[in-house]
Amino acid sequence: MLAHLSRIIKDSSSNLLEERRQLKKLELGEKEEERRMEELRQHVEDEAIAEERRRILEQHATLLIGFLPPGLFRNMAEMSSLPENIQAQFRRHVPIQDDPDLWT
């Protein structure tokens, strides 16, 4: 009888351990999925902000030349999305970090 009871306790404890392992694995999977969804949401939000920033600069850049701070454009690629005439005006008035003409 004691051996039978001991075997039942071992079986139930191993089942509990297996259930806990499975629950932990599910929790980790859910957390990973939440993290991926958050990264995707953040990426979409960053893209929307960047697009709105470009749109505002295209609309209002000519009126703001001379009033915009240095470093407004992080690199030349950001400026390349603007029309050529606006780019030329900005090159004269606003230094850009990776502008090769800035260092010569």
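Reader: Which residues are linked in a network of salt bridges?

Author: This is a predicted model, where local features need pLDDT of at least 70, side-chain atom pairs count only at pLDDT 80 or more, and totals for chains, interfaces and linings use all residues. Residues are numbered from 1 along each chain as its sequence is written, and side-chain values use heavy atoms, with hydrogens and water left out. A salt bridge here is a side-chain nitrogen of Lys or Arg within 4 Å of a carboxyl oxygen of Asp or Glu. The network of such bridges links E32, E33, R35, R36 and E39.

Reader: How far apart are the closest N and O atoms of E32 and R36?

Author: E32 and R36 are four residues apart in helix 1, so about one helical turn separates them. Helices (H or I, at least four residues) and strands (E, at least two) are DSSP runs, numbered from the N terminus. The two side chains form a salt bridge. Their closest N and O atoms are 3.7 Å apart.

Reader: Is E32 buried, partly exposed or exposed?

Author: Buried means under 20% relative accessible area, exposed over 50%, and partly exposed in between (1.4 Å probe, protein chains only). R36, the partner in the bridge, has 43% relative accessibility and so counts as partly exposed. E32 has a relative accessible area of 30%, so E32 is partly exposed.

Reader: What is the N to O distance between E18 and R21?

Author: E18 and R21 are three residues apart in helix 1, so the separation is about one helical turn. Their side chains meet in a salt bridge. The N to O distance is 3.6 Å.

Reader: Why does R21 count as exposed?

Author: E18 has 36% relative accessibility, so E18 counts as partly exposed. R21 counts as exposed because its relative accessibility is 53%.

Reader: Which residue forms a salt bridge with R41?

Author: R41 is partly exposed because its relative accessibility is 39%. The closest N and O atoms are 2.7 Å apart, and the partner is E45.

Reader: How many salt bridges are there by this rule?

Author: The pairs include E18 with R21 and R41 with E45. By the salt-bridge rule, the count comes to nine.

Reader: Which residues form a nonpolar patch on the surface?

Author: Patches are made of residues with over 30% relative accessible area and no salt bridge; like charges are joined within 9 Å, nonpolar side chains (Val, Leu, Ile, Met, Phe, Trp, Tyr) within 5 Å. Areas come from the Shrake-Rupley method with a 1.4 Å probe, and for residues only the protein chains shown count as cover. One member sits in helix 1 (residues 2–64) and is partly exposed because its relative accessibility is 47%. Together the members have about 290 Å² of accessible area, and they are M37, L40 and V44.

Reader: How many helices and strands does the protein have?

Author: From the N terminus on, the elements run α-α-α. The secondary structure comes to three helices and zero strands.

Reader: What percentage of the residues count as buried?

Author: The protein exposes about 8600 Å², and carbon and sulfur atoms supply 59% of that area. The protein has 104 residues, and the buried share is 14%.
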